[in-house]
Amino acid sequence: MDAHIVLLPGDGIGPEIVSQARRVLETVAEKFGHSFHLSEHLIGGCAIDACGDPLPADTVDACRSSQAILLGAVGGPKWDDPSADTRPEAGLLRIRQELGLFANLRPIRTFDELVDASPLKRDIVAGTDILFFRELTGGIYFGESGRRDSPDGQTAWNEMVYSTKEVERIVRLAAQAAQQRRGHLTSVDKANVLEVSRLWRQVAERIVRDEFPDVQYDVVLVDAMAMHLISRPKDFDVVVTGNMFGDILTDEASMLPGSLGLLPSASLGEDGPGLYEPIHGSAPDLAGQNAANPLATILATAMLLRHSLNLSQEADAVEQAVETVLKAGHRTRDIAAGGDSISTTAMGDAVLAALA
Ligand code: IPM
Ligand code: MG
């Protein structure tokens, strides 16, 4: 196979973890006889520094003409000034929107070897296997917003908006995934308070009832979900929710496997390239120390191979290699539970050795 893949290392630990993922892609290409054409482009804070724009036009063009995109992370204290014209995160939000990446898949799976790295008890988390579908191009992230002067200073507002079509397409994808898994779909909303959630709930119920009668379906309010996620995570299979609820719940869920450093994600549209990234951020305090965990990005690479390039055998091989290094006891600092840890590059070496 001949494939064009865009790498967007971004800020903080982004370049360090993406360079390990690049080695994995190169090794997969060599081992399985593919040609991957890899090109790197700017996004986020580094793009603001280079050209004043967190998403330069040539980055968008390169992404549009690629088959898949692998992103590290964006953001950092350097660009945090609330009065600045733009922010690194704006680049990420815009690329999601420009490419129509409305479905964000975030698998939360515990690794047996690491169950004790979770702050939660083994009997609660062991065996957890949840696939989140977070809506990614709508909701409060993309509604109208503004500020106006008010007697006490200023008033700021953000609108939370969903249309029927936006709910239908994400619920359909989630229900299809449930059919391929354990057949159980949970939709999360705040329909006891928000009108937008009441529409979400009506549409979701209709889609599942009419099109997926074989899927076991339930709805949970977002506040209750925050609780159930840490008290009975094994009860969930596929979870579908809006943009902001999904952002918050998946960070919470990341503590089930023990570390954000292990969790990949895929953002997909109706067609065109998918974008793959770790769910963790740019970790500025770790940047430049060769200490970050590259496994989430390497697992995101496996998702890229599977979902955008249809290379499931190659994806399995990468996931298997990650499992092998964890079984062998290799740990970066975030998952070492205070014990011995290895560097980012040493973890990359271990994965390459397991792949070969
Ligand atoms: C995520 C991140 C982003 C989001 C930020 C960096 C804009 O938290 O991908 O979960 O809120 O979507
Ligand atoms: Mg987030």
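**Note on the ligand 1 site**

1. A polar side-chain atom of Arg134 is placed 2.8 Å from an oxygen atom of ligand 1, a polar contact being a pair of N or O atoms within 3.5 Å. Arg106 likewise has a polar side-chain atom, 2.9 Å from an oxygen atom of ligand 1. For Asp247, a side-chain N or O atom is 2.9 Å from a ligand 1 oxygen atom. On its own, ligand 1 has 320 Å² of accessible area, and the protein covers 77% of that (Shrake-Rupley method, 1.4 Å probe).

2. This is a predicted model: local features need pLDDT of at least 70, side-chain atom pairs count only at pLDDT 80 or more, and totals for chains, interfaces and linings use all residues. Side-chain values use heavy atoms, without hydrogens and water, residues are numbered from 1 along each chain as its sequence is written, and chains are lettered from A and ligands numbered from 1 in the order in which they are written.

3. The shell (residues with a heavy atom within 4 Å) consists of Glu89, Leu92, Arg96, Arg106, Arg134, Tyr141 and Asp247. By class there are 5 charged, 2 nonpolar and no polar residues; Leu and Tyr count as nonpolar, Asp, Glu and Arg as charged.

4. Helix H4 (residues 88–98) gives the largest share of the shell, 3 residues; helices are DSSP runs (H or I) of at least four residues, numbered from the N terminus. Domain 1 (1–104 + 260–356) and domain 2 (129–255) each supply at least three shell residues, with bounds from an automatic or database domain assignment.

Note on methods:
Polar contact = N/O pair within 3.5 Å; in protein donor to acceptor, adjacent residues only side chain to side chain. Helix = DSSP H or I, 4+ residues; strand = E, 2+ residues; numbered from the N terminus.
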